[in-house]
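Dear colleague,

Please find below the structure that I am handing over to you.

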Amino acid sequence: MDPNGVTTARFMDGFQPGFSKAEMHRTRDQTRRAIKRGELIQSKGCELCGWELKRLHKHHPRYDQHLNVLFLCVPCHVSVSVEERRLRHGARMADLRRANFGY
Ligand SMILES: [Zn+2]
């Protein structure tokens, strides 16, 4: 269980094309340390919907930018990840849908 009481889906594991799991972990560590040192301040609530939670997820749009972070609640983190996936794979998704479901 995650601290917000919502089970984090497996796809939130952080896969990002072009980056290894090791790079992902290093970036997350760097972000955690930057927050500890006060270089990065966590927002009071989710940056998308404003839900005020003590523990927010930290979303990295790119794993080579550890200070480029969005503080998000779990549902918004899922939404942002789904949206990024759609942008990445949208054309192929549409092709598959048309070929298999005809709409
Ligand atoms: Zn939110």
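The notes below describe the model, its helices and its core.

This is a predicted model, in which local features need pLDDT of at least 70 and side-chain atom pairs count only at pLDDT 80 or more, while totals for chains, interfaces and linings use all residues. Residues are numbered from 1 along each chain as its sequence is written.

Confidence is expressed as pLDDT, the predictor's confidence in each residue, from 0 to 100. The protein chain has an average pLDDT of 88, and 86% of the residues score at least 70. Confidence in the protein chain is highest in β2, at 97, and lowest in α2, at a mean of 93. Where pLDDT is low, the predicted coordinates should not be read in detail.

The protein chain contains 2 helices and 2 strands, in the order α-β-β-α from the N terminus. Here helices (H or I, at least four residues) and strands (E, at least two) are DSSP runs, numbered from the N terminus.

Helix α1 (residues 21–37) has 17 residues and spans 24 Å from its first C-alpha to its last, close to the expected 24 Å; the expected span is 1.5 Å times one less than the number of residues. G102 follows α2 and has a positive phi, near 70°.

Turning to burial, a residue is buried if 20 or more other C-beta atoms lie within 10 Å of its own, exposed if 12 or fewer, and partly exposed in between, with C-beta atoms placed from the backbone. Of the 103 residues of the protein chain, 13% count as buried. In α2, the buried residues are V74, C76 and H77, and their cover includes β1 (57–59) and β2.

The largest nonpolar core has 8 residues: C46, L56, V69, F71, L72, C73, V74 and C76. Such a core is a set of buried Ala, Val, Leu, Ile, Met, Phe, Trp, Tyr and Cys residues joined through C-beta atoms within 7 Å. β2 (70–72) and α2 (74–101) are the elements that give two or more residues to this core.

Not counting residues up to four places away in sequence, C46 touches W51, L56, F71, L72, C73 and C76; contact requires C-beta atoms, placed from the backbone, to lie within 7 Å. C73 lies in the loop between β2 and α2 and counts as buried because it has 22 C-beta neighbours inside 10 Å. V69 is in the loop between β1 and β2. V69 is buried because 22 other C-beta atoms lie within 10 Å. Leaving aside neighbours within four places in sequence, V69 contacts T31, L40, K58, H59 and H60. V69 and L40 are 29 residues apart in sequence and 8.9 Å apart in space, C-alpha to C-alpha.

Yours sincerely

Terms used
Contact = placed C-beta atoms within 7 Å.
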